[in-house]
Structure formats: C-alpha cells, structure tokens
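Before reading on, take a moment to look over the sequence and the fold together. The questions and answers that come next are meant to be read with both in view.

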Amino acid sequence: MTPVTGADGGAANIGIRVDRDRCAGSGVCALFEPRYFDQSEEDGLALPRVREAAPEALPVLRAAASRCPAGAITLVVPDTRESAAGDRAD
C-alpha cells in the first residue's frame, strides 16, 4: 500500500464524507466500523463520527465504503485530491 502523504510529505489525514441524500440507512457502515460511523436516531441515516482519520485507517474505511449498498461514503485523500470511494463490483 502506498503511504498517504500530504503536500509537505507528512502523513495526511483521510477525509470521511457521507452523502445523506444517497444513504439508504442500511447501517452496514456503523455495524462494521462503529469507530468511524454511526446512524442518526432521527432518520436512521449514516453519520460519520469523525470528519478525518489517520492514514492507517484507510484500509478499514475503504472496506466500509465498499460495503455501503448506496455508495454514499466517499473518502478524500488530500495529497492526490482524489476521491477514494469504495470499489464496488455492482
């Protein structure tokens, strides 16, 4: 795995975004990665517990994004300015 680095060469945090308009409220993200995701008690939609995570969390965050049936989770890798949403097979 290529380390995630910022523009200054230091470790860069991974941005975590949930598109609540797209979220189906399945809870898969919160079930598998409760450290990073929760579900709203009001509408059942996913809520990120944190806005950023350390680079070491990228594998589990990618797994959570790939499990999302609605594709509502996007990971933002700052150094590449690319979205690292889960790779879904469907």
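What follows is a set of questions and answers about this predicted model.

Q: Which strand has the highest confidence in this protein?
A: Because the model is predicted, each residue carries a confidence value, called pLDDT, from 0 to 100. The mean pLDDT of the protein is 85, and 76% of its residues reach 70 or more. Confidence is lowest in strand β6 (residues 82-83), at a mean of 50, while the highest value, 97, belongs to strand β2 (residues 37-39).

Q: What pattern do the helices and strands follow along the sequence?
A: The secondary structure of the protein comes to two helices and six strands. Read along the sequence, these elements give the pattern β-α-β-β-β-α-β-β.

Q: What share of the contacts in the protein with a separation of 6 or more comes from residues 24 or more positions apart?
A: The protein has 90 residues, and buried residues make up 36% of them. Of the contacts with a separation of 6 or more, the share that joins residues 24 or more positions apart is 51%.

Q: Which element gives the most to the largest nonpolar core?
A: The largest nonpolar core has 22 residues, and those with the most contacts inside it are Ile16, Tyr36, Phe37, Leu61, Ile73 and Leu75. At least two residues of this core are supplied by each of β1 (14-18), α1 (28-32), α2 (58-67) and β5 (73-77). The element that gives the most to this core, with four residues, is α2.

Q: Within what arc do the buried residues of α2 fall, seen down the axis of the helix?
A: In α2, the residues Leu58, Leu61, Ala64 and Ala65 are buried. Seen down the axis of α2, they line one face of the helix, because its buried residues fall within an arc of 125 degrees.

Q: Which strands are included in what covers the buried residues of α2?
A: The buried residues of α2 are Leu58, Leu61, Ala64 and Ala65. What covers them includes the strands β1, β2, β4 (52-53) and β5.

Q: Is Ala64 buried or exposed?
A: Ala64 has its place in helix α2, and, not counting residues up to four places away in sequence, Ala64 touches Glu33, Phe37 and Ile73. The C-alpha atoms of Ala64 and Cys29 are separated by 5.3 Å, although these residues are 35 residues apart along the chain. Since the relative accessibility of Ala64 is 1%, and the cut-off for buried is under 20%, Ala64 counts as buried.

Q: At what distance does the side chain of Ser66 reach the backbone oxygen of Ala63?
A: Ser66 is placed in helix α2, and with a relative accessible area of 30% Ser66 is partly exposed. The side chain of Ser66 reaches the backbone oxygen of Ala63 at 2.8 Å.

Q: What separates the C-alpha atoms of Arg62 and Thr74?
A: Arg62 lies in helix α2, where, at 39% relative accessibility, Arg62 counts as partly exposed. Arg62 and Thr74 are twelve residues apart along the chain, and their C-alpha atoms are separated by 8.8 Å.

Q: With which residues is Ser40 in contact, leaving aside its neighbours within four places in sequence?
A: Ser40 has its place in the loop between β2 and β3 (46-48), and, with a relative accessible area of 13%, Ser40 is buried. Leaving aside its neighbours within four places in sequence, the residues in contact with Ser40 are Arg20, Leu45 and Leu47.

Conventions:
Residues are numbered from 1 along each chain as its sequence is written. This is a predicted model: local features need pLDDT of at least 70, side-chain atom pairs count only at pLDDT 80 or more; totals for chains, interfaces and linings use all residues. Side-chain values use heavy atoms; hydrogens and water are left out. A nonpolar core is a set of buried Ala, Val, Leu, Ile, Met, Phe, Trp, Tyr and Cys residues joined through side-chain atoms within 4.5 Å. Buried means under 20% relative accessible area, exposed over 50%, partly exposed in between (1.4 Å probe, protein chains only). Contact means heavy atoms within 4.5 Å. The arc is that of the directions from the helix axis to the C-beta atoms. A polar contact is a pair of N or O atoms within 3.5 Å; within protein, one must be able to donate a hydrogen and the other to accept it, and residues adjacent in sequence count only if both atoms are side-chain atoms.
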